[in-house]
Each structure stands twice: as C-alpha cells, then as structure tokens.
Amino acid sequence: MISACKKTFYRAFGLNIQSEIPLPEVKTINTKGLFNNFDVKIEVGDLREEWKNNGNEGKFTVNNGTVMFHIKNTAIFSVVKGERVIVSPFEHADENKIRLYLLGSCMGIILLQKKILPLHGSAVVIDGKAYAIIGHSGAGKSTLASTLMNSGYKLISDDVIAVSLSENQEFIVHSSYPQQKLWEESLAKLGLPENKYFPLFEREKKYAISVEPSFYEGEWVPLAGIFELEKSEHEQLTIEKVQNSIEKLPVLFHHTFRNSVLNRLGLLEWHFSTTASLADQVEMYRVKRPTSRFTPYEIQSLLLNTLRKGEKKC
C-alpha cells in the first residue's frame with residue numbers, strides 16, 4: 001500500500017508539481033527559488049468518511065469545485081480546485097494503477113480547474129509545431145503517434161494534451177511526460193514485445209511504453225493542427241479539412257478530457273469561448289480509416305503530404 005513519503009518535485013503539463021507519491025515517469029525539477037510555490041500538490045490522505053458521505057459509486061462527484069471519484073481496489077481521489085490532489089489508497093493497491101489515474105483523470109481535471117484545455121489524444125512535434133491526434137478509444141491515436149515517432153518525430157504528450165494560450169495569444173501544447181499507452185494489437189503490428197512493458201489494466205490488453213528517446217524535451221510548442229481519427233467500414237482511407245469553425249466545436253467538446261464535469265464545475269462558458277477561439281485559429285482535419293487493415297503508416301503519409309501541401313499554399 002502506498003503511504004506518504006518524502007516530497008519530490010516534478011514538471012509536467014506546464015505545471016510544477018509537489019508529490020508525496022513517487023512519479024518515476026515524470027521529469028524531476030530543481031526546487032531552488034520556488035519556495036514551496038507549486039502549482040499542484042499531491043498528498044496521501046484518508047478520504048473514506050468523506051466518500052461515504054458525499055460519493056457516488058462509479059461516477060465523478062463534484063462539490064464546491066472539488067471532484068472526487070472512486071476506483072475499485074485502487075484508491076479514492078479528490079481533486080481540489082486546481083491546487084491539490086488527495087489520494088486515499090486501498091490496501092494492496094497497485095501503485096502503477098494509482099499513478100495511471102493520477103497522471104490521467106486527476107491531471108485532466110486539474111487542467112480544467114485551472115482553465116487549461118485538456119484534449120484527449122496524442123500530440124507530436126513536426127517541424128517545430130505540435131499536431132494533436134484525437135479520436136474515440138481504439139481509433140488509433142497512440143498508434144499513429146508511434147509510427148510518426150519511428151520516423152523521427154517527437155512525442156510531446158499522450159492521453160492528456162494540455163492546451164493553453166500563450167502571452168502572444170497563440171495556442172500552445174505543453175510537454176507532459178515520456179510515456180505512451182498502446183493496445184496489444186498495436187504492439188504486435190509495430191514489432192514491440194509485450195513482455196517488456198507492464199499492462200495498465202487486469203482485463204484490457206493495454207500497455208505503458210516508455211518513449212524517453214523520442215520525447216520532446218522543450219516546455220511547449222505552438223499548436224498548428226488537429227487530426228480527428230474515425231474508424232470506417234469503407235476500404236478507402238480518406239482525409240478532409242474541416243472548413244467550418246462551427247463544425248469544429250462539437251468535435252473539440254467530445255474530445256475534451258473528462259468533459260462530463262464541465263457543467264458541474266461551471267466551465268461550459270469558458271470551454272465554449274476557448275474552443276471557439278481554437279477553432280478559428282487552428283486547422284482541423286478528419287481522417288476516416290478502414291477497420292479491415294492496419295493503416296497507421298498510410299495515415300502518416302497522408303498526414304505529412306497534407307501538411308506539405310498546406311505549407312506550399314502559404
């Protein structure tokens with residue numbers, strides 16, 4: 001069982017994080033000059049009574065800006081107003097699984113509470129710009145990112161993509177941490193041995209992959225484009241530019257990480273305003289891929305050719 005230990009200091013998603021739980025996947029930082037002025041603090045605490053009184057099994061509970069949720073046999077999590085994450089681990093809980101929810105759902109909610117847009121997908125740096133790959137579970141987001149990394153491009157984020165406005169009013173993607181999540185089928189098709197990686201869930205064949213050599217080392221990169229992946233029963237692989245900004249809005253809503261808490265956190269107006277600005281500034285493409293064959297390398301060629309054509313027009 002995880003218990004509170006010596007505080008360690010990390011940097012991810014554009015945030016300085018102080019944690020009582022070790023996060024070996026995440027970059028550590030020198031705390032000199034910070035004087036305990038951290039953006040997020042992760043603590044171990046006892047949330048059992050609070051959950052008993054206020055929690056709703058299987059759902060996110062929102063109360064006064066705090067989001068709580070319960071993961072069976074793992075922990076109770078409380079995400080407090082964009083500043084603190086309290087973790088109440090269960091006995092014999094898997095530490096890997098606790099970190100999975102800390103760096104996934106908890107950080108996604110923290111970003112929302114801080115009014116930083118968390119998109120659900122992967123982001124890759126191509127020619128100094130970030131391109132987000134979004135889509136529903138199983139659409140092939142991380143697999144496409146992995147093929148791009150095999151071609152020499154750098155991953156800047158996987159699962160949760162932190163998007164914010166810079167001082168120049170330019171949308172940027174913040175660097176997260178060097179890990180990917182891939183399905184067993186993708187591992188096999190990409191030639192990666194599954195026995196080298198740890199499974200994320202007991203019943204689902206999804207694995208955590210360290211990608212440190214292929215990870216972008218900088219703090220952030222301008223967001224230049226968004227590619228939405230959709231599965232299709234048709235044999236032809238297609239890509240189309242989404243021309244209408246209004247058409248982009250529902251796509252950005254559906255692929256906002258943990259969008260189910262937006263209304264209860266009073267963030268719908270902020271989300272609409274932010275995504276409307278993003279839709280006006282950033283190009284979006286819809287990629288429909290056949291389910292009958294393995295297509296990431298074909299999609300990569302289509303994506304890169306599309307970007308080259310766009311550069312020529314400029």
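Predicted model: local features only at pLDDT ≥ 70, side-chain atom pairs only at ≥ 80, totals over all residues.
Which residue in E18 is the bridge partner of Leu229? The answer is in point 4, after a look at the chain as a whole.

1. The chain holds seven helices and 18 strands. Its radius of gyration is 19 Å, close to the 20 Å that the globule rule gives for 314 residues, so the chain is as compact as a globular protein of that length. Along the principal axes, the C-alpha atoms fill a box of roughly 55 × 45 × 40 Å.

2. Of the 314 residues, 52% count as buried. The accessible surface of the chain comes to about 15,500 Å². Carbon and sulfur atoms hold 46% of that surface. Residues 24 or more positions apart account for 66% of them.

3. **Charge.** The chain carries 38 positive and 36 negative side chains. The centres of the two sets lie 1 Å apart.

4. **Strand E18 and its partners.** E18 covers residues 283-290. Six of its eight residues are buried, so the strand is largely enclosed by the rest of the structure. Strand E16, residues 220-232, pairs with E18 in the parallel sense. Eight bridges link E16 and E18. To settle the opening question, the bridge partner of Leu229 in E18 is Val287. Strand E17, residues 238-241, also joins E18, through four bridges. E17 and E18 run antiparallel. Here Lys241 stands opposite Tyr285 in E18.

5. **Phe13: buried or exposed?** Phe13 sits in the loop between strand E1 (8-12) and strand E2 (15-19). Its relative accessibility is 2%. The cut-off for buried is under 20%, so Phe13 counts as buried.

6. **What surrounds Phe13.** Leave aside its neighbours within four places in sequence. Phe13 is then in contact with Leu103, Met107 and Leu111, among others. The list also includes Ser157, Val160 and Ala162. His174, Ser175, Ser176 and Tyr177 are in contact with Phe13 too.

Note on methods:
Residues numbered from 1 in each chain as written. Heavy atoms only, no water. Helix = DSSP H or I, 4+ residues; strand = E, 2+ residues; numbered from the N terminus. Rg over C-alpha atoms; globule rule 2.2 N^0.38 Å. Buried < 20%, exposed > 50% of the residue type's maximum accessible area, 1.4 Å probe, protein only. Contact = heavy atoms within 4.5 Å. Areas by Shrake-Rupley, 256 points an atom, 1.4 Å probe, with all protein chains shown as cover. Lys, Arg positive; Asp, Glu negative; His and termini not counted. Charge placed at Lys NZ, Arg CZ, Asp CG, Glu CD. Pairing = 2+ DSSP bridges.
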